Amino acid sequence: MKREELDNLLYEALETEQGGVKIYETAVRAAVNEDLREEWQEYLGQTRRHVEILEEVFEALGLDKDKQTTGRQVVKTIGEALVEAMTLAQKSGPKEAAEVVAAECVVLAETKDHLNWELLGEAAQKLSGEERKALKSACEEVEDQEDEHLYHTTGWTRELHMQALGLPAVLPPPEEEKEVKTAIGAARAKQQRREML
Ligand SMILES: [Fe+2]
């Protein structure tokens, strides 16, 4: 494994979580549905914890958490653009439309977050000793949460769009009701929603 690339990925992952805190803070304000607001509030707390978890990994691996890399700058730029997009929608449109925009932005951010942790889980297997232990336990702590952040918000986004289109919507989405934590589970929940309507 190219160790330098793992370091680069870790810088991206830290920036993703730090940007994620700002994205959730903005998204919570945009939530109209009470269940969704509660869910995002919970994810905000978990994302704050993910920042701390990564800072602990940085310590174990001897990395400087303030170091800037190109990859990190890219992640930061995208994160700021997502916050800007959500804010624009909140300022200029009906609140239901701003809620959908926020949901889409959360899905975009969580897609990157989910990928980061999936890759970090793979990379952890190739480390040894204390470094392996630190990264592995970090991955174990966040894994299920990242699955929920992505799959549940994807479900919310689809159903909020359905509602906006005036089509039958399942709220909260089946992904949340069924506590989906895998891509297969998400596909199944999506399939079953058709039978529910
Ligand atoms: Fe996260």
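**Exercise 1.** Find the salt bridge that R48 forms, and say which helices it joins.

*Solution.* Step 1: R48 pairs with E25, their closest N and O atoms lying 3.0 Å apart; a salt bridge here is a side-chain nitrogen of Lys or Arg within 4 Å of a carboxyl oxygen of Asp or Glu. Step 2: R48 belongs to helix α2 (residues 34-61) and E25 to helix α1, so the bridge ties together parts 23 residues apart in sequence. Helices are DSSP runs (H or I, at least four residues), numbered from the N terminus.

Before going on, note that this is a predicted model, where local features need pLDDT of at least 70 and side-chain atom pairs pLDDT 80 or more, while totals for chains, interfaces and linings use all residues. Residues are numbered from 1 along each chain as its sequence is written, and side-chain values use heavy atoms, leaving out hydrogens and water.

**Exercise 2.** Decide how exposed R48 and E25 are.

*Solution.* Step 1: buried means under 20% relative accessible area, exposed over 50%, and partly exposed in between (1.4 Å probe, protein chains only). Step 2: R48 has 41%, so R48 is partly exposed. Step 3: E25 has 30%, so E25 is partly exposed too.

**Exercise 3.** Find the partner of E131 and describe the link.

*Solution.* Step 1: E131 forms a salt bridge with R3, at 2.9 Å between the closest N and O atoms. Step 2: the pair links distant parts of the chain, with E131 in helix α5 (residues 129-165) and R3 in helix α1 (residues 3-30), 128 residues apart.

Conventions. Helix = DSSP H or I, 4+ residues; strand = E, 2+ residues; numbered from the N terminus.
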